[in-house]
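Me: I would like to learn how to read the packing of helices and the pairing of strands in a model of this kind. Could we take the features one at a time, with the general idea before the case?

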Amino acid sequence: MDTKNQILSLRDQLANHNYRYYVLDDPIISDDEYDRLLRELEHLEKQYPDLITPDSPTQRVGAPPLSNFESIPHQLPMLSLENAMNEEEIRAFDKRLKKKIETDEPIEYVAEPKLDGIGIELVYENGMFTSGSTRGDGFTGENITQNLRTIQSIPLRLRTDELPSPDLLEVRGEVFISKVGFESLNRTREENGESLFVNPRNAASGSLRQLDSSITASRPLSTYCYQPGTMRDKVYETHLEFLEDLKRWGFPVNPMIQKVNGVEEAIEYHRDMEDKRNTLPYDIDGTVMKINSLSLQGKVGVRSRSPRWAIANKFKAQQVTTVIQDIMPQVGRTGAVTPVARLTPVFVGGVTVTNATLHNQDEINRKDIRIGDTVIIERAGDVIPKVVKVINEKRNNDTKPYSLPDSCPSCGHDVYRPEGEAVARCQNLSCPAQMKGRIEHFVSKNALDIDGVGNKLVDQLVETSLVQTVDDLFKLTLEDLIPLERMADKSARNTISAIESSKQTGFARFLFALGIRNVGEYLSKVLEKHYEGDFHRFMSSKKKELESIFEVGGIVADGIVRFWSDSSNVDVVNSCFSLGVTLSPVESKEKDQVLAGKTFVFTGVLTKFTRKEAKELVESLGGRASSSVSKKTTFIIAGQSTGSKITKAQEFGVPILSEDDFQKMIHIN
């Protein structure tokens with residue numbers, strides 16, 4: 001056998017063994033034998049690099065690290081699912097469908113476990129894997145092709161000997177980490193002195209978003225596929241037929257998916273899965289039922305964000321009894337001060353729980369939660385444990401009501417609770433507990449956009465005390481950066497250059513970067529315009545002047561004034577300016593503000609712009625883009641597959657425009 005055919009034979013063998021392992025669950029060789037075949041293929045390809053092809057098993061890992069993830073649009077939106085929280089809501093869903101379909105006969109559904117993972121889309125052209133992305137906002141995701149290639153269960157080339165694939169095939173699925181894989185991953189991280197992942201879903205999400213695909217390859221990621229996106233020249237009568245072909249092409253499909261006849265069988269399937277959930281090798285948080293007939297799916301249709309022909313049936317939260325040993329206030333990355341209950345360790349939902357969130361002071365008061373209380377806890381959504389109720393019959397007489405401290409437990413500054421909000425917050429820019437989060441926000445794309453300062457570098461900068469407040473970023477030198485992990489001379493120079501370039505910025509970007517509560521991108525632009533780019537005048541502004549601005553309410557104004565009343569915040573900002581931060585002058589654009597005073601809501605699937613582009617366009621012309629319809633809405637712009645916002649607009653008498661109408665309004669051809 002010549003070398004080329006030997007290489008092709010090895011690739012076919014490896015692909016077949018992957019198929020038997022991940023799809024059929026029927027391996028016929030050991031892991032060692034598989035590794036031997038892979039090493040043999042690697043050896044031959046090194047000798048004959050001109051014979052390497054993108055679909056070779058050796059090419060799953062090896063691409064250079066990315067600097068960032070690019071956006072990638074979905075040809076068909078990746079919709080989310082409506083939730084049913086109990087059996088009555090499941091039956092109500094079935095009743096609505098029967099009314100829509102105009103039948104009294106039982107509907108044939110496909111029932112499947114609802115994996116607690118990360119949604120993905122895989123794109124194949126002429127049988128070859130060409131790109132993959134996250135769900136994102138449903139319309140646009142992040143291009144994570146390099147990372148998805150590292151997952152062994154995802155085929156790089158489809159099996160098409162028995163069944164030709166469409167020229168274009170998009171497949172949706174879920175990436176997850178098994179319970180055994182999660183325990184092994186955390187055990188390794190603990191041995192290496194690294195922080196542990198909270199749960200398998202967080203571990204899977206973090207693994208998929210690594211810019212270095214070799215890190216993703218080291219994580220025990222699995223996948224199941226369950227839904228089509230766009231398919232060219234391929235039509236199915238039922239969803240189950242599509243799933244059967246998925247398996248024939250080499251995609252892993254959950255073996256516990258089954259057909260059920262009518263809603264009562266779907267409920268019985270749901271009960272059975274709830275009984276089995278803790279014995280399954282992976283986490284599930286419910287079941288999904290969808291109409292099997294694809295023609296009926298088309299007849300029922302979709303809403304703007306979810307299909308009408310499918311629903312997620314959530315499991316009841318699992319509850320146990322334990323004792324609150326202590327209550328500790330914790331400061332989050334946004335300054336929120338959250339009370340956390342330290343519990344007598346208790347096993348619930350497959351894990352040992354030692355902490356539970358108490359949310360806020362109002363929640364503590366409402367439930368009268370005290371240190372020493374015996375309480376019932378549950379894992380809400382199978383992730384965050386929470387206290388459901390206090391068992392008063394078991395309370396000791398010497399317990400006392402608990403109140404959060406008035407000062408930040410991290411930095412000692414006053415804690416501020418805005419009027420109408422349940423959460424108390426620390427607004428100190430120098431608060432150690434918030435430092436990493438504040439810096440990550442400060443350097444983010446829509447803030448100062450400092451390329452090269454990612455989360456891992458931020459971790460190192462804070463942990464080595466090189467950066468303790470955001471202005472310290474502008475004090476960094478080459479000598480500071482070069483000794484850091486993964487920071488060679490070239491990387492250090494590029495980072496210093498990016499920091500230097502970021503000093504030339506605008507009022508709105510700089511203000512947004514500071515992370516003042518309730519001051520987002522849009523309001524930052526409003527304030528920039530009002531203060532005509534004079535940041536120092538803004539820093540000394542009074543509440544009355546702020547409230548005179550149309551978009552600024554009393555709560556926001558009060559928060560801004562309180563932020564500047566803290567001298568340490570003023571010192572940090574003045575330090576930024578003294579270190580070279582310069583705000584570009586604001587140009588007068590009154591003649592271009594054709595949408596001034598108008599509020600727009602965009603709904604449905606837009607074809608002329610992305611949601612973000614439409615929002616930025618409206619704001620650049622002086623208008624405001626909102627996500628909800630109200631009596632103050634000036635126009636609603638309707639794309640394809642609109643939902644309830646149109647009905648609400650009609651109730652309020654809000655004019656409804658097409659995308660073409662909107663383009664004419666703003667003079668775009």
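**Reading helices and sheets**

Reply: In helix α13 (residues 455–463) the buried residues are Leu457, Val458, Gln460, Leu461 and Val462, where buried means under 20% relative accessible area with a 1.4 Å probe and protein chains only, and a helix is a DSSP run of H or I of at least four residues, numbered from the N terminus, as strands are runs of E of at least two. This is a predicted model, in which local features need pLDDT of at least 70 and side-chain atom pairs count only at pLDDT 80 or more, while totals for chains, interfaces and linings use all residues. Residues are numbered from 1 along each chain as its sequence is written, and side-chain values use heavy atoms, with hydrogens and water left out.

Me: Against which elements do the buried residues of α13 pack?

Reply: The general idea is that an α-helix has 3.6 residues a turn, so residues three or four places apart point the same way. Here the buried residues of α13 pack against α12 (435–442), α14 (478–481) and α15 (489–502), a contact being heavy atoms within 4.5 Å. Just after α13, Ser465 has a positive phi of about 65°.

Me: At what angle do α12 and helix α16 pack, and how far apart are their axes?

Reply: Two packed helices are described by the angle between their axes and the distance between the axes. For α12 and α16 (residues 507–514) the angle is about 160° and the axes are 8 Å apart; axes are lines fitted to C-alpha atoms, for helices over the stretch in contact, and angles run from 0 to 180 degrees between N-to-C directions. That angle makes α12 roughly antiparallel to α16, a term for angles over 145 degrees. Arg438, His441 and Phe442 of α12 meet Phe510, Phe512, Ala513 and Leu514 of α16 in this contact.

Me: How do the axes of α3 and helix α9 cross, and which residues make the contact?

Reply: The axes of α3 and α9 (residues 263–276) come within 10 Å and cross at roughly 145°. The contact is formed by Glu87, Ile90, Arg91 and Asp94 of α3 with Val263, Glu264, Ile267 and Arg271 of α9.

Me: Turning to sheets, what is the strand order of the open sheet of five strands?

Reply: Two strands pair if DSSP finds at least two bridges between them. In this open sheet the five strands follow the order β2-β11-β10-β3-β9, and the pairing is mixed. Its edge strands are β2 (82–84) and β9 (258–261), each of which pairs on one side only, and the twist averages 35° from one strand to the next. Within the sheet, β3 (residues 108–115) and β10 (residues 284–291) pair in the antiparallel sense over six bridges, and Leu115 has Ile284 in β10 as its bridge partner. Helix α3 (residues 87–101) packs on this sheet, touching β2, β3, β10 and β11 (310–314), with its direction at about 130° to that of β2. Helix α8 (residues 239–249) also packs on the sheet, where it touches β3, β9 and β10, and its direction makes about 50° with that of β3.

Me: How many residues lie between β12 and β13 in their hairpin?

Reply: Four residues lie between β12 and β13, and Gly335 in the turn has a positive phi of about 90°. Seven bridges join β12 (residues 319–331) to β13 (residues 336–348), and the two strands run antiparallel. Pro329 stands opposite Pro339 in β13.

Me: Is Phe538 buried or exposed?

Reply: Phe538, in helix α18 (residues 535–539), is buried, with a relative accessible area of 0%. Leaving aside neighbours within four places in sequence, Phe538 is in contact with Phe507, Leu511, Leu527, Tyr531, Leu546, Ile560 and Trp564.

Conventions: Buried means under 20% relative accessible area, exposed over 50%, partly exposed in between (1.4 Å probe, protein chains only). Angles under 35 degrees count as roughly parallel, over 145 as roughly antiparallel, 65 to 115 as roughly perpendicular and the rest as oblique.
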